[in-house]
Amino acid sequence: MDTLGGFLGSLIWWFLFLYLLLWPQMQYRQLQFARAKILERLARKRNSTVITLIHRQESIGLFGIPVYRFISIEDSEEVLRAIRMAPKDKPIDLIIHTPGGLVLAAAQIAKALKDHPAETRVIIPHYAMSGGTLIALAADKIIMDPHAVLGPVDPQLGQYPAPSILRAVEKKGVDKVDDETLILADVAEKAVRQVRDFVYELLKDKYGDEKARELAQILTEGRWTHDYPITVEEAKKLGLHVETDVPEEVYALMELYKQPVKQRGTVEFIPYPVKQEGNK
């Protein structure tokens, strides 16, 4: 009996271990399947290739350690592959939710999107900051939730905005800063010019030469902090062509990027109206 009890105890512990090890992955697979169904439905509805670039804090490991995501080279490889595989005569809908990331990766995605022969549409349900905005500027249409935001695309050098480095040297005077700061300012000047020229190239066909240069200047000159939210209203005032008819499927898709159940959410709500007990 002791031997049998020990065996059953060991078996239970092994089942428990395997459950803790595999259950997060099973949850993730279920989420992937649900996302794929919504993307398929959206693609049929809009007769387009639907691609997502969604960066949310996720935790799928055994210990639920959160992973923060940004636009990376791996992202650009995947998105470029998806764009290459998309039918040349069909539109592309790119759903973006991101705080930004590497300029190189964002620029690659933006260029590939701009070069697609059919119509391209970027859909922003919540925010597309920095590199996300750079990609959005490449699309034929920018479709935002009424309360979604874009952001400035001024380049950042480490922890400092490139335009701020240039202003600091200008205010202090070249003869009063050290060589390292001068080198940093030189790199900052090049970074701003490179991003500004790239934004101009993305916009000139849609907005014309003069307006494209104006927008490129505004978005890269550092008039705002890098995390400044450019709302739909402000984007329209700047002259960007923005629409607000985000498909309902996009909101349903974003619901599938929430934190795992074991982590307590900070926001809960009950949709109105609430059925009263006893009502049929």
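1. Strands here are DSSP runs of E of at least two residues, numbered from the N terminus. In this predicted model, Gly151 lies in the loop that joins two such strands, β6 (149-150) and β7 (156-157).

2. Is Gly151 buried or exposed? Gly151 has a relative accessible area of 0%, and buried means under 20%, so Gly151 is buried. Pro99 is 52 residues away from Gly151 along the chain, and the C-alpha atoms of these two residues are separated by 9.1 Å.

3. The next point concerns aromatic rings. A pair of such rings is described by two quantities, the distance of the centres and the angle of the planes. A search of the whole structure finds one aromatic pair. The pair consists of Trp224 and Tyr228, with ring centres 4.9 Å apart and planes at 5°. Planes under 30 degrees apart count as stacked, so the pair of Trp224 and Tyr228 is stacked.

4. The two partners fall into separate accessibility classes. Trp224 has a relative accessibility of 16% and therefore counts as buried.

5. Which residue lies over the face of Trp224? Arg223 does, at 5.6 Å from the ring centre. Trp224 thus has a place both in the stacked pair with Tyr228 and under the charge of Arg223. Elsewhere, Arg35 lies over the face of Tyr257, and here the distance from the ring centre is 3.7 Å.

6. How many cavities of 30 Å³ or more does the structure hold? There is one. The largest cavity has a volume of about 60 Å³. Of the elements, α6 gives the most, with three residues.

7. Residues that line the largest cavity include Ala136, Leu137, Lys141, Ile142, Leu203, Lys206 and Tyr207. Also in the lining are Ala139, Asp140, Leu240 and His241. By class, the lining has seven nonpolar residues, three charged residues and one polar residue.

8. Which domains supply the lining of the largest cavity with at least three residues each? They are domain 1 (33-151 + 229-259) and domain 2 (154-223).

Methods
Residues are numbered from 1 along each chain as its sequence is written. This is a predicted model: local features need pLDDT of at least 70, side-chain atom pairs count only at pLDDT 80 or more; totals for chains, interfaces and linings use all residues. Side-chain values use heavy atoms; hydrogens and water are left out. Rings of Phe, Tyr and Trp (its six-membered ring) pair if their centres lie within 6.5 Å; planes under 30 degrees apart count as stacked, over 60 as edge-to-face and the rest as tilted. Buried means under 20% relative accessible area, exposed over 50%, partly exposed in between (1.4 Å probe, protein chains only). A charge sits over a ring if NZ of Lys or CZ of Arg is within 6 Å of the ring centre and within 35 degrees of the ring normal. On a 1 Å grid over the protein atoms alone, a cavity is a set of points where a 1.4 Å probe fits but cannot get out, and a pocket is an open set with protein on both sides within 12 Å along at least five of seven lines; lining residues have an atom within 4 Å of a point. Grid points are joined across faces, edges and corners, and a volume is the space filled by probe spheres set on the points. Helices (H or I, at least four residues) and strands (E, at least two) are DSSP runs, numbered from the N terminus. Ala, Val, Leu, Ile, Met, Phe, Trp, Tyr, Cys and Pro count as nonpolar, Asp, Glu, Lys and Arg as charged, and the others, Gly among them, as polar. Domain bounds come from an automatic or database domain assignment.
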